[in-house]
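Subject: Structure for you to look at, with notes

Hello,

Here is the structure that I promised to pass on to you. Please open it beside this message, so that you can look up each residue as you read.

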Amino acid sequence: MTDAGLRLIAAALAVGLGAIGPGVGIGIVFSGALTAMGRNPEAEGTLRTYMILGFALTESLFIFALVVSLLIAFQII
Amino acid sequence: MTDAGLRLIAAALAVGLGAIGPGVGIGIVFSGALTAMGRNPEAEGTLRTYMILGFALTESLFIFALVVSLLIAFQII
Amino acid sequence: MTDAGLRLIAAALAVGLGAIGPGVGIGIVFSGALTAMGRNPEAEGTLRTYMILGFALTESLFIFALVVSLLIAFQII
C-alpha cells in the first residue's frame, strides 16, 4: 500500500463523488424544461435557451471534479 | 495489501459512485417527459427530442466515470 | 489482509454503489408514467413505449456497474 495506490483511490473518489450532484441536477433541469414545454409548447425557444444555460452551469461543477481527478491521475499534483 | 488491490477498489469506486447521480438524473428526465406527454400528447415529437438530449447529457457524466474506472482497471493510469 | 480480500470488497462496492442511483431512477420513471397515465388514460400506448425506454436506459447504468463487479470478482481485471 503505497502512495501510488492511494493516488488511484483519490482519482476515483474525485470523479465518482463529483458526478453525484450534477447527475441529479442535470436531470432536474431537463425535467423542469420538459414539463414547461408540455404545458406551453409555444415557449419552446425561450425554454430551450434557459435549459441549455442551466445544463451548462450544472455540468461545470462536474468538470471541475473531473479536472481535479485527471490532475491527480496523471501525477500533475 | 498492495497497489494491485487498491487499484481494484479504485475502479469499483469510480464506476459505483459515478452511477449514483446519473442513475437518479436519467430517471428524473424520463419522468418529466412522461408527465409532459400525458398532459399534452400532441407535443410528443418536440418532447422526445429534448428527452433524448437530456438523457444523453446526463449519461455523459456516467461515461466519464466509467472511462476513469476502465483507465484505472486496465492500468493505463 | 491481502489483495484477495480487497478484491471481494471492490466487487461488493461496484455492484452495491452502482445499484443506488438506477434503483431510485427506475422508480422515478415508473412513478412519472403512472402519474401521466392516471391523468390521461388514452395516452397509455405512447406512455408505455417511453416508460420501457426510460427503464432500459436507466437500467443500463447498473448493468455497467455489474459488469465491472463481475470482471473484478472473476479476476479478469
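The notes below go through the chain interfaces, then the helix packing, and then the salt bridges.

Please keep in mind that this is a predicted model, in which local features need pLDDT of at least 70 and side-chain atom pairs count only at pLDDT 80 or more, while totals for chains, interfaces and linings use all residues. Residues are numbered from 1 along each chain as its sequence is written, chains are lettered from A and ligands numbered from 1 in the order in which they are written, and side-chain values use heavy atoms, with hydrogens and water left out.

**Chain B with chain A**

The size of an interface is often given as the accessible area lost when the parts come together. Between chain B and chain A about 3200 Å² is buried, with 79% of it on carbon and sulfur atoms; buried area here is the accessible area, taken with a 1.4 Å probe, that two parts lose on being put together, summed over both. In this interface 39 residues of chain B are in contact with 39 residues of chain A, where contact means heavy atoms within 4.5 Å. The count of salt bridges between chain B and chain A is 0, a salt bridge being a side-chain nitrogen of Lys or Arg within 4 Å of a carboxyl oxygen of Asp or Glu. The rule does find 6 residue pairs in polar contact across this interface, both residues being at pLDDT 80 or more. (A polar contact is a pair of N or O atoms within 3.5 Å; within protein, one must be able to donate a hydrogen and the other to accept it, and residues adjacent in sequence count only if both atoms are side-chain atoms.)

On the side of chain B that touches chain A, the elements that give two or more residues are H1 and helix H2 (44-73) of chain B, and the largest share, 20 residues, comes from H1(B). Helices and strands are DSSP runs, numbered from the N terminus, with helices (H or I) having at least four residues and strands (E) at least two. By class, that side of chain B has 26 nonpolar, 10 polar and 3 charged residues; Ala, Val, Leu, Ile, Met, Phe, Trp, Tyr, Cys and Pro count as nonpolar, Asp, Glu, Lys and Arg as charged, and the others, Gly among them, as polar.

**Chain C with chain B**

The contact here takes 39 residues from chain C and 39 residues from chain B, and the area buried between them is about 3200 Å², of which carbon and sulfur atoms give 79%. In chain C, the residues that lose the most area to chain B are C:Tyr50, C:Leu61 and C:Ile77, together 20% of what that side buries. The count of salt bridges between chain C and chain B is 0, whereas 5 residue pairs are in polar contact across the interface.

**How the helices pack**

Helix H1 (residues 3-39) of chain A and H2(B) pack at an angle of about 175 degrees, with their axes 10 Å apart, and H1(A) and H2(B) are therefore roughly antiparallel to each other. Axes are lines fitted to C-alpha atoms, for helices over the stretch in contact, and angles run from 0 to 180 degrees between N-to-C directions; angles under 35 degrees count as roughly parallel, over 145 as roughly antiparallel, 65 to 115 as roughly perpendicular and the rest as oblique. Among the residues that meet are A:Phe30 and A:Leu34 in H1(A) and B:Tyr50 and B:Leu57 in H2(B).

H1(B) and H1(C) pack at an angle of about 0 degrees, with their axes 7 Å apart, which makes H1(B) roughly parallel to H1(C).

**Salt bridges**

Over all chains the structure holds 3 salt bridges. In one salt bridge the side chains of A:Glu44 and A:Arg48 meet (3.5 Å, N to O), and A:Glu44 and A:Arg48 both lie in helix H2 (residues 44-73) of chain A, 4 residues apart, about one turn of the helix.

Best wishes
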